[in-house]
Amino acid sequence: MKILSKIPLRSLAMILLLAPLVPLEANDVNEVNIYTHRHYPSDEILFKKFTKTSGIKVNVVQANADQIMKRLEEEGKYTPADILLTVDVGRLTYAKERGLLQPIKSKYLESVIPSNLRDAEGYWFGVTKRARVIVYNIDNVDPKTLSTYEALTDEKYKKGILTQSSSSVYNQSLLASIIAHKGAKEAKIWAEGIRSNFARRPTGSDRDQMRALAAGIGKVAIVNTYYVGQLINSKSFSDKAVAEMIGIFFPNQGDDGRGTHINISGAGVTKYAKHRENAIKFIEFLASPEAQKVFTNVNYEYPANKNVAPSKLLQSWGKFKEDKIELYKLGKYNVEAVKIFNEVGWY
Amino acid sequence: MLNRWSPFSYILTIIILLPIVLVVNHAFGSETQTLIHLKETVLWEYVSSTLILVFAVGFCTLVLGVGTAYLTTFYHFRFINLFVFALALPFAIPTYIMGYIYSDIFGYFNHFHLFLRSIGIKEYFNVLNIYSVIIIMTLALYPYIYLIVKASFEKSKSALLNPALSLGGSRKRVFFEIILPLSRPAIVGSLALVVMETISEYGITEYYNVKTLTPAIFNTWFGLHDSKSATYLAVIAMVMVLIVLIVERYNRGKASYKIEGANGEVKKELLKGYKLYVSYFLLSLPIIFGFLIPLIWISVYSYEYATMLVDDKFLTILGNSFYSSALSAFVIIVLAFFVGYTSRIYPTVINRYIGKALSLGFTMPGAVIAIGIIMLFINIDKWLIDNYITTKLFLGGSFFTLLFAYIVRFFAIGVNTVESGFERISIDLNRASRSLGFNYFKTMLKVELPLMRNSLLFGFILLFMATIKELPLTLVLRPFNYETLATKTYLLANAQMLHETAIYALSIIVISLIPLSIIITKRHI
Amino acid sequence: MILELKQLNKSFDKPILKDINLDIEHGEIVSILGKSGSGKSTLLNIIAGFEKADSGSLQINDQVIFDKKRNREPQDRNIGFVFQNYALFPHLTVEKNILFGLKKTKENKKKKREVVQELLEMVDLVGYERRYPHELSGGEQQRISIARVLATDPDLILLDEPFSSVDTLLKAEIERDLLAIIKKSNKTAIFVTHDPKEAMAISDKIAFLEDGEIMQYGKPKDIYHQPKSKQVASFFGIANFIGEKCYRLSQIEMKKSGGMHKVRLEESIFRGEYHELHVKVIVDEEEYPFILFDYGDFHKESEFYISLTER
């Protein structure tokens, strides 16, 4: 006890109390600061790779996109963030609308990223794609009977459809794409039709929809492709079993079909970026074949770079026709989509 | 008489309430269109789900919390110490993690179903619904009531049980007519914490798609891109809770809940026969479902994924969690003690309600408070930059922001434990010390501080455990590259990499266990 | 004059204290006597400084400690306070409780221990140094609480209902002990009590308080025998009146024959050692209700006589 009392406890306590006032990091010039919604293992790998090849330090805050965008907005011109990285095109267009991003010119990006996957003025660029597909229980659904998203409103799918709640941005963007193609009136009829065919009240994640499907609840589920990939490659025995019991179907194919709805994750340089050059370099890196391979192999996403082939697993699901609509158009209809969901009671 | 205490208390209150004021201010001028749309479509669903969840969780936690506290305080049986300890453990598991775990175990085509199938049962049932949410939230939150009420029972037991029994009451009557009413501040206070946390819970309600006001706030904010209407909803929720709190405080009025001294060794009644087995059964249920099953799940997957995830960053994350939780818990408990002491020595009307006002941060969803915090600090930063004091963001995005956010958020827990501690100490002790020549400050240090030691330690630990689980504020306010166990757990779970979260969830449990075992083994509860 | 109260007023929702004037001399033991709600505890708290009067002034040793401008904090008044529930610090031993108020003075340890011993001797609790308050009986706690107050050598000791929680059988003994301690220490003390017997037994003077006013202030015998009002008179025991004149039982002698006034018995109640007789006394054709205590067999008579001694 004597020894204990000799330790200057008071000064120690003061140091601990005052420590938070000292800024954590020194002013590192060669760095890039990222606000990201993505929290996948693939991204961690890529951050490390980027630092290794370019010597630029990557600083990250991962948080829910909508909240981190609010932080970005409030910080205004003093924001330390250089890049906003998020999933869902609706959020990217919203960020542009709110003046959170700045346009950039990059020959490389413009040459490898198809124009429908990026903002026409260069405010944001898609870096990966994911398709919102129909999955079915191979035991009780013949894929030949499946055709389009619209066909799911048919009587025969009564108590047959599984999907997430309307707070899923992927459902919001899917509905937005239907509004973009067919108008709000048709879209509402579609949402209404899907809702009346629900196998159960929407709940859980995309993975949970597939589990329910495997268990014989409902006939089809609307999910994102990379979740199927995750299930197949899961370490869990039960997840693998689920994966074996379901098939993937790309809807709205054929000559008269508009193609399967795709969504992106993408990045943009913030309006008040302090490290603009580094930020552009980083986005270019994300679009590079090296990074694209990581996205597709580790996270089962489709590459946005048109010169990079999807992973073997993704290829095994077959080629499909994508909905080529300029994605920025979907952002405009996001609010309307949410309102329709609320109106038809798709909770 | 110059009152130097209250101004300090007021200033602190204003600082802590500033972010909330900014948020409420933000809600003004909401677009009525959005509100009309909500009213016509989903508002009723939001409100009714919130009410159902609040009443159901409130009722269940009350029964479970008070019941377990009662059995372990007034009766004796084998392994009682083990039960006293284990009953607090579910508190170490974040609610949303428990939600994820139960869906992973009982959900379609998961462990339990496969087991049923292996023995030939093909029945399936859906667990992703409001009933499961009620059960899980009850399991995750009842320890608030158990811990706080048990601490209160323990005190009233030694002071009152023997005198009351000697007056000829049966144990049951003494409990219902004396001990229970005397524990009202503790019961109501802890129940308020449960209710507030139920309303602001986001993770599990979102995953299980129970549309309470909090997911509704996010739907409005992110989906309809109307943050003003979203905060408007948050303010509605806050006002509802506030009214309940004020009515309770008013009803409590000037009744005294002071208990002094101990009157003899209290003989606990020994449980025997069928009562013993029923008690074992009842006490085991929350432990098994609230802790053991999740723990087994967590342990299995921690083992499976440990090598993959434990890297050099792991220790940093552990350190971050420990330091930020310990520091904010310490600061909150000190400030709450100060505020509580001020309203004790100057029991003016304002001072009596100040604790309730300081609890407001707990009634709002963390993400909404985060907006207020960001606004506050960015404005201070802008002022600093405009006056050439700093050149870039100094407070915004710093660890200090995070610390302040925890203080705003969790002050309610500090106030609650401190208030119920003070209610148990006669003001005469304070007066005695002063008439013996000590001023208020020295009296505080020499009388109230040592007497409140256990309450403060208890509050510190509750705060520590709550902070280490904290998610929404940490997620959006943290500095670059700053990870805690909670953010790590959540981000992995949110990316649907549930099994990978196990090692972090396990760390939260282990870190929480250390302080918890201190209070329990030292018999402070 | 050790304590002087001048025109103290205090009200919360309604007046609690009205125009209180009170002078106390050094070495006196004064009781503030009144029913509950009479304002006596408030008065004590105001003297101690725990509550603040609305107006008036308060002097100790000819120094103003409260008036319009000044208000000394309790810690600067040098007044000792013995609480109804003794308010011993439960986290401290007896010795540390006693030394609590002494910590300020920079006397050495040995000296302090001597003081504790002295005080423990005075309150007759030598050997209790290491005990904790909850290990003591009520009476013992009270004596420690007085020792704690005496340790700081206060100008004045205030005692709030010191005997309220004491067993009636032990009350007399504890009263005697307490009085002895205070007299021994040569201190001035103010008791607050609701029990007139207690007040008369221990005080040099009694201030009788009712509805926030001091109805009478004086020596116990004076108040007992020359009460200023019927209210005061009946509060201190059986008071029989002929007109405005008060007769206590000791002034009344019962006789089977040959007394001054004729008495008619109306009711007799058996009280063990005596019978309580409710009678009518006839004086100049007028009847006055009296209560008499009969230790003999007057209750068997329907009529008898009494003689009254004037004081």
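Helices here are DSSP runs of H or I with at least four residues, numbered from the N terminus. The model is predicted, and local features need pLDDT of at least 70, side-chain atom pairs count only at pLDDT 80 or more, and totals for chains, interfaces and linings use all residues. Residues are numbered from 1 along each chain as its sequence is written, chains are lettered from A in the order in which they are written, and side-chain values use heavy atoms, with hydrogens and water left out.

Helix 4 covers residues 65–75 of chain A, and because 10 of its 11 residues are buried, it is largely enclosed by the rest of the structure. Buried means under 20% relative accessible area, exposed means over 50%, and partly exposed lies in between (1.4 Å probe, protein chains only). Among the buried residues are A:Ala65, A:Ile68, A:Met69 and A:Leu72, and also the charged A:Lys70, A:Arg71, A:Glu74 and A:Glu75.

## The interface of chains A and B

In chain B, 70 residues are in contact (heavy atoms within 4.5 Å) with 70 residues of chain A. The two chains bury about 6200 Å² between them, and carbon and sulfur atoms give 59% of this. Buried area is the accessible area (1.4 Å probe) that two parts lose on being put together, summed over both. B:Phe109, B:Phe480 and B:Gln496 supply 14% of the area that chain B buries against chain A, more than any other three residues.

Between chain B and chain A the rule finds 3 salt bridges. A salt bridge is a side-chain nitrogen of Lys or Arg within 4 Å of a carboxyl oxygen of Asp or Glu. A:Arg201 and B:Glu45 form a salt bridge through their side chains, at 3.2 Å from N to O.

B:Val278 belongs to helix 13 (residues 273–309) of chain B. This residue counts as partly exposed because its relative accessibility is 41%.

B:Lys228 is found in helix 12 (residues 227–252) of chain B. With a relative accessibility of 32%, B:Lys228 also counts as partly exposed. From C-alpha to C-alpha, B:Lys228 is 9.0 Å from B:Val24 in space, while the two are 204 residues apart in sequence.

How values were computed
Helices (H or I, at least four residues) and strands (E, at least two) are DSSP runs, numbered from the N terminus.
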